[in-house]
Amino acid sequence: MSELLPLFPLSTVLFPGMRLPLQIFEERYRLLASYLLSQPEPRRFGVIAIRKGREVGAEGVTALHDVGCVATVRQITPHADGRFDLATVGTERFRLLQVDQSLPYFQGEIELLPDTEEAAGPQDRASELAAVTRRVQAGFRGYLNALTDRGGGVINVAELPDEPLLLSYVIGAAMIIDLAERQSLLAAPTVLDRLRLERSLLTRESGVLRATTSRPAPDFAYERFSQN
């Protein structure tokens with residue numbers, strides 16, 4: 001089933017379980033924040049990456065990617081000058097079916113995308129999922145070591161999650177890659193597909209780091225999430 005959801009286009013990709021703080025100052029998104037504030041909980045909107053255009057400015061947004069993430073508002077703080085601060089967390093992936101531009105801000109007809117760990121699948125696939133999960137964990141630790149060795153600073157990371165689904169989102173959010181690659185991770189059809197792609201990217205990026213002088217350290221904040 002589809003539903004209509006307010007949309008917040010951004011030049012970033014949100015993953016389920018990841019936190020996203022937002023400072024709202026543009027008029028149309030002030031209207032969106034006011035609408036959210038007037039609604040009962042859970043207050044939800046869609047975060048979707050911009051394919052073409054800009055968040056602000058004369059050009060504006062002209063094209064969006066077709067897979068985004070529902071953001072659930074944890075806190076809304078209005079300010080006297082009309083700005084808002086939002087504390088949100090990603091919850092579920094969705095596919096954008098149609099954009100509605102009848103309001104100052106975008107709305108989208110969306111369908112939620114199922115995302116399971118596939119643990120109940122065939123035994124050989126479950127075994128592969130477990131093996132790839134371990135390799136991605138090891139690959140990410142090696143990637144962080146490469147960041148530290150090349151001037152990224154000391155990076156303190158909590159224990160990596162063992163659940164393949166949550167791990168795939170944490171790694172996708174934490175790697176320093178371009179938007180198109182991050183979007184491809186969000187849009188991966190299965191957890192196993194996402195982890196396979198992440199393993200390949202980690203191998204590539206760790207190799208690149210050995211040939212460069214410095215990289216910024218990634219933000220690794222995440223929360224456990226529920227699709228309910």
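**Notes on aromatic pairs and a helix contact**

1. Phe8, Tyr29 and Phe45 come together as one aromatic cluster. Keep in mind that this is a predicted model.

2. Across the structure there are 4 aromatic pairs. One of them is Phe8 with Phe45, a tilted pair at 6.2 Å centre to centre and 45° between the planes. Phe8 sits in strand E1 (residues 2–10) and Phe45 in strand E3 (residues 44–53), so this pair ties together parts that are 37 residues apart in sequence. Phe8 and Phe45 are both buried.

3. Next up is Phe15 with Tyr169. Their ring centres are 6.2 Å apart and the planes are at 50°, so this one counts as tilted too. Here the link runs between distant parts of the chain: Phe15 is in the loop between E1 and strand E2 (19–24), while Tyr169 belongs to helix H3 (residues 164–174), 154 residues apart. Both Phe15 and Tyr169 are buried.

4. Now for the helices. H4 (residues 179–186) packs against H5 (residues 191–209) at an angle of about 155°, and the two axes are 9 Å apart. Angles over 145 degrees count as roughly antiparallel, which means H4 is roughly antiparallel to H5.

5. Who touches whom in that packing? On the H4 side we have Glu181, Ser184, Leu185 and Leu186, and they meet Arg194, Leu197, Glu198, Leu201 and Arg204 of H5. Sorted by class, the H4 contact with H5 is made of 4 nonpolar, 1 polar and 4 charged residues.

Conventions. Residues numbered from 1 in each chain as written. Predicted model: local features only at pLDDT ≥ 70, side-chain atom pairs only at ≥ 80, totals over all residues. Heavy atoms only, no water. Phe/Tyr/Trp six-rings, centres within 6.5 Å; stacked < 30°, edge-to-face > 60°. Helix = DSSP H or I, 4+ residues; strand = E, 2+ residues; numbered from the N terminus. Buried < 20%, exposed > 50% of the residue type's maximum accessible area, 1.4 Å probe, protein only. Axes fitted to C-alpha atoms, helices over the stretch in contact; angles between N-to-C directions. Parallel < 35°, antiparallel > 145°, perpendicular 65-115°, else oblique. Contact = heavy atoms within 4.5 Å. Nonpolar A, V, L, I, M, F, W, Y, C, P; charged D, E, K, R; others polar.
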